[in-house]
Structures are given as C-alpha cells and as structure tokens.
Amino acid sequence: MTDPDTVAAAIADADEVVVLTGAGLSTASGIPDFRSEGGLWDVFDEEAFTLRRYRAQPERFWSDWLSLHEHFFDSGVAPNPAHDALAQLEQAGHLDALLTQNVDGLHPAAGSESIVHLHGTGTRATCPDCGASMPVEAARERVESGEGAPTCDCGGVYKPDTVLFGEQLPPAAMQEARRRAETADVFLAAGSSLTVDPAGLLPDTALRNGATLVVVNLDRTKYAGRADHVAREPVEEFLPAVAARVVELADG
Ligand code: APR
Ligand code: ZN
C-alpha cells in the first residue's frame, strides 16, 4: 500500500500527469457509484440503458433514464474535496489531463478545465437526426407532461448526451485519452473499478508506455498486481493529502 507523500513525490517529479476518474470520485458528494454494495446497478438494471433499448423502446428508456439521472443532478449535489484536489493540482501545473467516466458535471464545477469526457455528459440531450440540442431539464418537462419520449420537430427522438451501453465512445475523446495515456509519466486512476472498457484499458496503455501507475480505490482492481502504487483509501481524503504535499514540494 502507498501513502500520499510517495504519490506526491512521483507527481512532483513528473512532466506529464494524467488522471482517470470514475464514480468513486462522487460518492462523497452523495452520488452512489455503480458497482459497490448498494450502488446504482443494484437499484437499476444496466440493460435498461443500452443504445438498442433507446432505439426499440424510447418511452420506457427515457422514463428509466430520467429516474437514474435524478441521482446525479438533484440540487444538493456539489463537488467534494476529491474534485477540489484535482482542480488544485491542475491549477498548480501538476495535472495535464483529467480523463473522466463521470457525467455528473462535478469536475468542471470544481474548476477543472483540461477534462476529457469519455462517457459524454449528463446535462443535455441531442436529436441524432438533425443535431438539435436541449437541456435535460427541458426533456424531463416534456416527458413528465406526457410526451413519452422527447421528439424533435424533424421527427428524431432526442437521446441524452451520455454514452449508452453498446454505443461507441466519442472518437475524438477516446483518441485524446489514448494519446494522454501513451505520453503520461504518472497515470493515476481514482475511484473506478476499471471494469468497463475502453476506459478500463487506459492504465494498461500507460503502463506499456512506461508510466508509473497509481491506483486509488476502495475496492481492489485488476491492476492491483501491476500498479506501482496502490491506495485502498477514500479519494476525498487521499487526493487532498496528495495535492497539499505536491504544493508543499513545489514551494520548496
Ligand atoms: N474513495 C475511493 N474509492 C471509492 C469511493 C471513495 N470515496 N467510493 C467508491 N469507490 C470505488 C469503489 O470501490 C468502486 O470500485 O469506486 C469504484 C467505482 O466503480 P464503479 O461503480 O464500477 O464505477 P466506474 O468505474 O466509474 O464505472 C465505469 O460503468 O456503469 C458504467 O458508464 C458507467 O461510467 C460508468 C462506468
Ligand atoms: Zn431533429
């Protein structure tokens, strides 16, 4: 097991630092993750959120998606110290890219800027036929007023901007993420089970290109035996300690 000072020293020495985050970043903000005990996949069926179901049963898809969506976007949700620590590292010049699987908007809300959204975002919906876009709240109103599935004037059915199971990740985002993993000196995976590909393959890409791999996650991940540093600690405690130490080292 590693400690914040060891990870901070690796980050302080690195030219290129890349972080990959998952739902574990946001549990301290009150958003359940997906695969922990009592996670969202214990409450909802993953099969409800496939691209195929959106196409075959748009009304039922939208009803389920809006229920899931409430967990991410109810008004009380705000960034926690883990999000703040990553924004602080970026502002201090020690984080070059933040690759996130999360769609909850908490990284931008915390002030992070160099974000690559691997699984899209959860705040808007887009018509696949003409590209018209609307805020999810407007889509929610239309569904709740009985429209079933929000339909565009052109006839297309709006789809949330969140990547669905069976849907290709945005090519530009995946290309950028791969490039970042290939050039990272330190690759830190935080709050992710690393079980969903292609995001779950990025640590492997980083390792194969000579990066130091750090994994901070409560549960064990498939990289436990290959990572250079592993911390089975809460990210909302571990990451702020790392960020504070990096700033201390930088101040000399
Ligand atoms: N501190 C550290 N680790 C945590 C914390 C915490 N406070 N809370 C949860 N975790 C860990 C859990 O141990 C778990 O291994 O975060 C991990 C979250 O894993 P998942 O629930 O699988 O979430 P994630 O890896 O982001 O899932 C990837 O799967 O369902 C799809 O599209 C969805 O983006 C998601 C993708
Ligand atoms: Zn349209």
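This is a predicted model: local features need pLDDT of at least 70, side-chain atom pairs count only at pLDDT 80 or more; totals for chains, interfaces and linings use all residues.
Q: In what order do the strands of the open sheet of 6 strands lie, and which are the edge strands?
A: The sheet is open, its pairing is parallel, and the order of its strands is β3-β2-β1-β7-β8-β9. The twist from one strand to the next averages 15°. An edge strand pairs on one side only, and this holds for β3 (115-117) and β9 (229-231).

Q: How many bridges join β4 to β5, and what is the bridge partner of Ala-125 in β5?
A: Strand β4 spans residues 120-126 and runs antiparallel to β5, to which 3 bridges join it. In β5, the bridge partner of Ala-125 is Met-134.

Q: Which residues are the protein donors of the zinc ion (ligand 2), and what is the geometry of the site?
A: The protein donors are the SG atoms of Cys-127, Cys-130, Cys-152 and Cys-154, which lie 2.2 to 2.3 Å from the zinc ion (ligand 2). Along the chain these donors follow the spacing C-x2-C-x21-C-x1-C. The angles among the 4 donor atoms are 103 to 121°, and the site is tetrahedral.

Q: Which element gives the most to the lining of the largest pocket?
A: The largest pocket has a volume of about 920 Å³, and its lining counts 45 residues, of which Ala-23, Phe-34, Arg-35, Gln-101 and Asn-102 lie nearest its centre. The elements that give two or more residues to this lining are α4 (58-73) and α10. With 4 residues, the element that gives the most is α4.

Q: How does the lining of the largest pocket divide by class?
A: The lining of this pocket, about 920 Å³ in volume, includes Phe-34, Arg-35 and Gln-101 among the residues that lie nearest the centre. By class, the lining has 21 nonpolar, 16 polar and 8 charged residues.

Q: Which residues line the largest cavity, and into which classes do they divide?
A: The structure holds 1 cavity of 30 Å³ or more, and the volume of the largest cavity is about 30 Å³. Its lining consists of Ile-11, Val-19, Leu-86, Leu-89, Leu-188, Leu-239 and Val-242, with α5 (81-91) and α10 (235-251) each supplying at least two of the lining residues. By class, the lining residues divide into no charged, no polar and 7 nonpolar.

Q: Where does Leu-194 lie, and what is its phi?
A: Leu-194 lies in the loop between β7 and α9. Although Leu-194 is not a glycine, its phi is positive, at about 55°.

Q: Is the peptide bond from Asp-197 to Pro-198 cis or trans?
A: Pro-198 has its place in the loop between β7 and α9 (202-208). The peptide bond from Asp-197 to Pro-198 has an omega near 5° and is cis.

Technical notes:
Residues are numbered from 1 along each chain as its sequence is written. Chains are lettered from A and ligands numbered from 1 in the order in which they are written. Side-chain values use heavy atoms; hydrogens and water are left out. On a 1 Å grid over the protein atoms alone, a cavity is a set of points where a 1.4 Å probe fits but cannot get out, and a pocket is an open set with protein on both sides within 12 Å along at least five of seven lines; lining residues have an atom within 4 Å of a point. Grid points are joined across faces, edges and corners, and a volume is the space filled by probe spheres set on the points. Ala, Val, Leu, Ile, Met, Phe, Trp, Tyr, Cys and Pro count as nonpolar, Asp, Glu, Lys and Arg as charged, and the others, Gly among them, as polar. Two strands pair if DSSP finds at least two bridges between them. Axes are lines fitted to C-alpha atoms, for helices over the stretch in contact, and angles run from 0 to 180 degrees between N-to-C directions. Donors are N, O and S atoms within 2.8 Å of the metal (3.2 Å for Na, K and Ca); water is not among the atoms, so sites may look incomplete. Four donors count as tetrahedral if all angles lie between 85 and 135 degrees; four count as square planar and six as octahedral if opposite donors are over 155 degrees apart and all others between 65 and 115; anything else is irregular.
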